[in-house]
Amino acid sequence: MSNQTTGQQISLKNKTILIFSNMRYNSPMEATSLFLARSLARSYRVYYIEYPSTVKDYIKSKNLPEFQSVKKRLLHADDALADTELPNLKKLFSPIVASINFLPEGKLFRVLLKINEWLIVKRIKAVLKKQAVKDFVFINSFNFHYPNVGKLLQPELMVYHCIDPLITPYDLKHGFVSESQLVKKSDTVICTSKALYLEKLKINSHTYLLPNAADLSHSSKALDPVLPIHHLLDNIPKPIIGYFGSIERRIDYDLMLDVVKANPDKSFVFAGPAIKEHIPDWFYTTPNLYLTGQIPYGEMPQMVKGFDIAIIPFKKDEVSATIFPLKLFEYLGAGKPVIITDFNPDLKDYTKDAVLFCANAATFNIAINNILATDNEQNKAERQAVANENTWGASADKLVEIIEKELRLKYQEKLS
């Protein structure tokens with residue numbers, strides 16, 4: 001075999017990358033899979049496979065304008081591929097599948113899951129055939145609900161991208177079985193935190209650590225002096241201690257209660273969707289605590305610009321120890337001082353001395369007051385420098401290196 005052919009076997013240049021995501025392309029929430037897709041599309045052809053809609057979704061949303069606008073793409077393979085704002089990045093719409101998650105784990109569920117997966121694979125194959133795509137790498141980005149899609153497609157390399165622990169009841173119901181299957185069947189596993197990496201490495205020796213990063217082209221808009229502060233902060237007294245993201249079980253509410261009470265002269269803003277079953281009543285009635293509701297990701301720079309300090313007050317437990325929050329480098333990229341609880345000590349390896357880690361409410365209070373008294377432009381520059389070392393562009397480049405290495409190993413195994 002010629003060197004040219006060998007080179008083709010280990011390069012992504014002439015291949016297509018399929019990303020089967022756990023999030024839809026137009027989701028209002030931040031999505032690791034979408035950040036990676038956009039970064040990879042700078043140099044490679046990428047198909048972003050939309051998370052499948054179920055029959056239940058169809059019945060619930062069939063009359064909504066946003067659903068009507070994509071209905072034809074869901075129903076017909078010939079219309080399933082759509083352009084995005086990036087020339088190399090296409091959306092591939094999955095077909096409508098049966099609603100089966102309500103079933104208990106067992107044979108019936110697994111049989112029906114195989115039917116759903118067959119429908120998804122049939123759709124993807126039809127699109128690939130029409131587009132004359134033969135050489136491709138398949139990345140399952142935390143879509144463990146459909147663990148067999150990758151293998152059924154028979155890609156040159158199958159990658160599982162593990163970005164979070166399993167937390168929600170919906171994910172937990174079948175997730176442990178499905179994710180275990182996916183980790184075992186994948187050629188390569190990529191994990192976003194050290195704890196996840198160590199966990200998956202026990203199952204698959206081809207496991208790598210690749211932490212989350214930041215879209216600095218977006219978060220750094222907060223540094224623009226012309227950009228207005230978000231209007232929802234107009235009537236909130238400063239200084240503002242702010243959090244941007246989902247308000248749910250990960251928040252350490254006991255710690256925050258002590259911190260908020262100890263700082264009545266400061267405003268605490270939580271900007272994001274509130275998952276009410278996890279939130280204590282005092283969160284809604286405390287005078288110096290403000291809930292803005294969900295803010296579109298596009299408006300994140302305006303919101304964070306209004307923060308004097310940005311926080312990530314997650315509780316310290318086994319679940320949080322596996323989390324590498326996207327917002328960490330986004331805060332830093334916006335130049336903001338950052339205080340976080342020490343829920344994941346591995347984060348210190350990536351933030352140098354630019355972030356303050358706190359073990360309890362007392363140290364959290366000290367950190368707030370020290371920052372407000374001493375923060376300066378040099379500290380701001382140091383925070384931006386740390387963020388610049390952790391961009392999605394750099395992360396995508398590292399992912400390509402891993403994929404090409406694994407392609408080379410797989411190719412060598414075939415020759416031996």
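Colleague: Which strands does α16 lie across?

Modeller: In this predicted model, α16 lies across β9 (240-244), β10, β12, β13 and β14. Relative to β13, α16 runs at about 175 degrees.

Colleague: In what order do the strands of that open sheet come?

Modeller: The order is β11-β10-β9-β12-β13-β14, six strands with parallel pairing. At the edges are β11 (289-293) and β14, each of which pairs on one side only. On average, neighbouring strands are turned by 25 degrees against each other, direction ignored.

Colleague: Which strands does helix α11 touch?

Modeller: Helix α11 (residues 253-262) packs on the sheet and touches β10, β11, β12 (309-312) and β13 (338-341). The direction of α11 makes about 145 degrees with that of β10.

Colleague: How many bridges join β10 to β11?

Modeller: Four bridges join β10 (residues 267-271) to β11, and the two strands run parallel. Phe270 stands opposite Leu291 in β11.

Colleague: Turning to the second largest pocket, which elements each supply at least two residues of its lining?

Modeller: Those elements are β14 (355-358), α16 (361-374) and α17 (377-388). The edge strand β14 and the helix α16 that lies across the sheet strands named above thus both return here as parts of the lining. Of the elements, α17 gives the most, with four residues.

Colleague: Which residues lie nearest the centre of that pocket?

Modeller: Asp353, Ala354, Val355, Asn379 and Arg383 do, out of 14 lining residues.

Colleague: What is the lining like by class, and how much space lies in the pocket?

Modeller: The lining has seven nonpolar, three polar and four charged residues. About 270 Å³ of space lies in the second largest pocket.

Notes: Residues are numbered from 1 along each chain as its sequence is written. This is a predicted model: local features need pLDDT of at least 70, side-chain atom pairs count only at pLDDT 80 or more; totals for chains, interfaces and linings use all residues. Side-chain values use heavy atoms; hydrogens and water are left out. On a 1 Å grid over the protein atoms alone, a cavity is a set of points where a 1.4 Å probe fits but cannot get out, and a pocket is an open set with protein on both sides within 12 Å along at least five of seven lines; lining residues have an atom within 4 Å of a point. Grid points are joined across faces, edges and corners, and a volume is the space filled by probe spheres set on the points. Ala, Val, Leu, Ile, Met, Phe, Trp, Tyr, Cys and Pro count as nonpolar, Asp, Glu, Lys and Arg as charged, and the others, Gly among them, as polar. Two strands pair if DSSP finds at least two bridges between them. Axes are lines fitted to C-alpha atoms, for helices over the stretch in contact, and angles run from 0 to 180 degrees between N-to-C directions. Contact means heavy atoms within 4.5 Å.
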